[in-house]
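Hi,

Here is the model I promised to pass on. Have a look at it first, and my notes on what turned up follow below.

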Amino acid sequence: MLETVGIMLGIGLGLFGSLFSVIQFLSQKKKDRLFFLAQIIIDKTIPRESRQPFYDEYIALGGNGTFIKFWLRENKK
C-alpha cells in the first residue's frame, strides 16, 4: 500500500514538473522576444520607419514601460 502511494506520488510530481517546465519555457521565450524587440526599438541607427513593425509587435505582446516612453518621446522631437 505504501509503495503504491509512493509510486503514484512520484508519477504525479514528475508530471507536475514536466508541465511546469513547459510553461516556464514558453514564458521565457516570450520574455526573450520582448527584450529583442525592445533593443530594436531603441536602436537609433535604424530608421524610425523600419522600427515601426517591431514597435507594433512589442505592443501586441504586452510590452510596456520605458521603451514605449522612449518611442513616444522620440516621436515628439
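Predicted model: local features only at pLDDT ≥ 70, side-chain atom pairs only at ≥ 80, totals over all residues.

One definition before anything else: buried means under 20% relative accessible area, exposed means over 50%, and partly exposed is what lies in between (1.4 Å probe, protein chains only). By that scale R33 is partly exposed, with a relative accessible area of 32%.

Residues are numbered from 1 along each chain as its sequence is written, and side-chain values use heavy atoms, with hydrogens and water left out.

On confidence: pLDDT is the predictor's confidence in each residue, from 0 to 100. The chain averages 90, and 97% of the residues score at least 70. Confidence is highest in α2, with a mean of 93, and lowest in α3, at 83.

**Overall layout**

The chain has 3 helices and 0 strands, which gives the pattern α-α-α along the sequence. Helices (H or I, at least four residues) and strands (E, at least two) are DSSP runs, numbered from the N terminus. Helix α1 covers residues 2–41, helix α2 residues 48–60 and helix α3 residues 66–76.

How does the radius of gyration of the chain compare with that of a compact globule of 77 residues, and what is it? The chain has 21 Å, whereas such a globule would be near 11 Å. (The radius is taken over C-alpha atoms, and the globule rule is 2.2 Å times the number of residues to the power 0.38.) Along the principal axes, the C-alpha atoms fill a box of roughly 75 × 20 × 15 Å. Of the 77 residues, 17% count as buried.

Contact here means heavy atoms within 4.5 Å. Among the contacts in the chain with a separation of 6 or more, 39% are between residues 24 or more positions apart.

**Salt bridges**

As a rule, side chains of opposite charge can pair when their charged atoms come close. The cut-off used here is a side-chain nitrogen of Lys or Arg within 4 Å of a carboxyl oxygen of Asp or Glu. The whole structure holds 3 salt bridges by that test.

One of them joins E57 and R33, at 2.9 Å from N to O. E57 sits in helix α2 and R33 in helix α1, so this pair ties together parts that are 24 residues apart in sequence. E57 is partly exposed at 28% relative accessibility.

Another salt bridge is between R48 and E74, at 3.1 Å from N to O. Because R48 belongs to helix α2 and E74 to helix α3, the pair ties together parts 26 residues apart in sequence. E74 is buried, with a relative accessible area of 18%.

E74 also forms a salt bridge with R51, where the closest N and O atoms are 2.9 Å apart. R51 is in helix α2, so this pairing with E74 in helix α3 ties together parts 23 residues apart in sequence. Both E74 and R51 are buried. Taken together, R48, R51 and E74 are linked in a network of salt bridges.

Which residues does E74 touch, leaving aside its neighbours within four places in sequence? They are K44, R48 and R51.

**Aromatic rings**

R48 turns up again here: it lies over the face of W71, at 3.9 Å from the ring centre. (A charge sits over a ring if NZ of Lys or CZ of Arg is within 6 Å of the ring centre and within 35 degrees of the ring normal.)

There are 3 aromatic pairs in the structure. The rings of F16 and F20 have centres 6.5 Å apart and planes at 25°, so they count as stacked. The rule is that rings of Phe, Tyr and Trp (its six-membered ring) pair if their centres lie within 6.5 Å, with planes under 30 degrees apart called stacked, over 60 edge-to-face and the rest tilted. F16 and F20 are both in helix α1, 4 residues apart, about one turn of the helix. F16 is exposed at 55% relative accessibility, and F20 is exposed at 53%.

Y58 and F67 make an edge-to-face pair, 6.1 Å centre to centre with 80° between the planes. Y58 is buried, with a relative accessible area of 5%, whereas F67 is partly exposed at 24%.

Cheers
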